[in-house]
Amino acid sequence: ASEYLLQLADSVDGLDPPQKEKLRFATQRFVEAASPANFPFTNPLVIERTIETNGENLLTGLEHLMADLDRGQLTHTDGSGFELGRNIATTPGKVVYETPLYQLIQYSPTTETVQATPLLIFPPWINRYYILDLNAEKSFVRWAVAQGLTVFMVSWKSADASMADVGLEDYVLRGQVDAIDVVRDLLGVPSVHVIGYCVAGTVLAATLALLAARGEADKVASATFFTTQVDFSQAGDLRLFVDDEQIAMIDSLVTDGYLDGRYLAATFNLLRGQDLIWNYVVNNYLLGKEYPQFDLLYWNGDTTNLPAKWHHAYLTDFYRDNRLVQPDSIVIDGTAIDLRRITTPSYIQAGIEDHIAPACSVWKLMENFSGPKRFLLAGSGHIAGVVNPPAARKYQYWTCEGEAGDFESFRAAAHETRGSWWPDWIDWLGTLAPKQVPARGARVPGEGKLPAIEDAPGRYVRTR
């Protein structure tokens, strides 16, 4: 029946490609929801469990359901075992700078010498920054510090009513440009390495274009992009949510100038409904199982709110109208930006199974930047493809040392390497700025121009 419904959706005539994609998406979600496994009387495992427990599983499942209805969010994990700063987001550091938009964390060095050029990371403000610092074994931050980098992390503030008027220009000027200048001044260095993850990478591209237009491109020694899109013409299933009717519906959900992060969580769960919705309906509501303790799922459920003005512009200007790749279409602080002016050395990472930023879409950064570029395709998806420490010995990555004119040519010529791609990135970074300096003075949080405000992970990441 499922196969027939999907074939029926594919065979409908008279629809343009976007409409057909929406029909296919809706049909797939219906098929997932209608599965007999999702109903107690048509799932033999649930029937067996109900007989074994005299219905205790259904009572426990009802308690789980009522608790989720009360919190307005599907629970994926038992969060009682996690505490920020104790067993998650634990890399030692200090908050050394704070604005109404973000806190800046500086991590403590663990090597005698460090690269002269520091690293500044911009995580997506759609989620909490500590996806890059889950625990000692998985932490990209801790690993980067151990490689001899002076690492700074931006911890964005989850939106509240005071951020109703925050837009793209604020995240560029008061966010990324400000943080770049603060780090440069603190350490007395001419430039910084930067990383932008997902939406923060999209805005980082705008920031680099602005700096290039202003003649200030040398403030950034290199830019790394994790699962980032700038051309949204092939942006995957999220494009199905950006027609005028859907945007108007999303705007209607806004309260006090911000969008509740739980709506975003529900949207992302819907993209992987079988894994992130119905799996938990069966296990936790019908079988009455207790929730596992899993740090990645804890992070996934730790939602952040978005400024409504920025979110609306992001959906319309980037996803719907694709203006970021249109030269001089977007103006920031009175300056029209053009991505083709970006000559900063760039490392571009994509995930082969990424359903949020498809690899073919991430590739388009290669077509819009003018500087030296390295493209790497990692195994797995939007999160696991990034958070893959070398010690785990998981997945693989693909690189191509020759010229590849498009993504298909890259795939055809790419060489596969087993394991984590992080060593490839650190080697690339080392060739750009190999100079070493002692890990003393301003390289130690709180000992430079900026006194420590509080211990990492800081207040902003704890705000709910």
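Start with the open sheet: 11 strands with mixed pairing, in the order β15-β14-β13-β12-β7-β6-β4-β5-β2-β1-β17. Strands here are DSSP E runs of at least two residues, helices are H or I runs of at least four, and both are numbered from the N terminus. Two strands pair if DSSP finds at least two bridges between them. Colour β15 (415-418) and β17 (454-455) next; these are the edge strands, each pairing on one side only.

A word on what you're looking at: this is a predicted model, where local features need pLDDT of at least 70, side-chain atom pairs count only at pLDDT 80 or more, and totals for chains, interfaces and linings use all residues. Residues are numbered from 1 along each chain as its sequence is written, and side-chain values use heavy atoms, with hydrogens and water left out.

Now zoom in on β7 (residues 220-226) and β12 (residues 346-351), a parallel pair joined over four bridges. Pick alanine 223 and you'll find its bridge partner in β12, serine 346.

Helix α7 (residues 199-213) lies across β4 (119-122), β6 (192-197) and β7, at about 150° to β7. Helix α16 (residues 422-432) lies across β4, β6, β7, β12, β13 (373-378) and β14 (396-399), and runs at about 165° to β7. Angles run from 0 to 180 degrees between N-to-C directions, and axes are lines fitted to C-alpha atoms, for helices over the stretch in contact; contact means heavy atoms within 4.5 Å.

Next stop: α1 (residues 2-11) and α2 (residues 17-33), which pack at about 170° with axes 9 Å apart. That makes α1 roughly antiparallel to α2, a label for angles over 145 degrees. Show side chains at the contact: Leu5, Leu6 and Ala9 are among those from α1, and they meet a set in α2 including Leu23, Phe30 and Val31.

Select threonine 60 in helix α4 (residues 56-71). Buried or exposed? Threonine 60 is buried, at 14% relative accessible area; buried means under 20%, exposed over 50% and partly exposed in between, using a 1.4 Å probe and protein chains only. Beyond neighbours within four places in sequence, threonine 60 touches Gly288 and Glu290.

Key:
Parallel < 35°, antiparallel > 145°, perpendicular 65-115°, else oblique.
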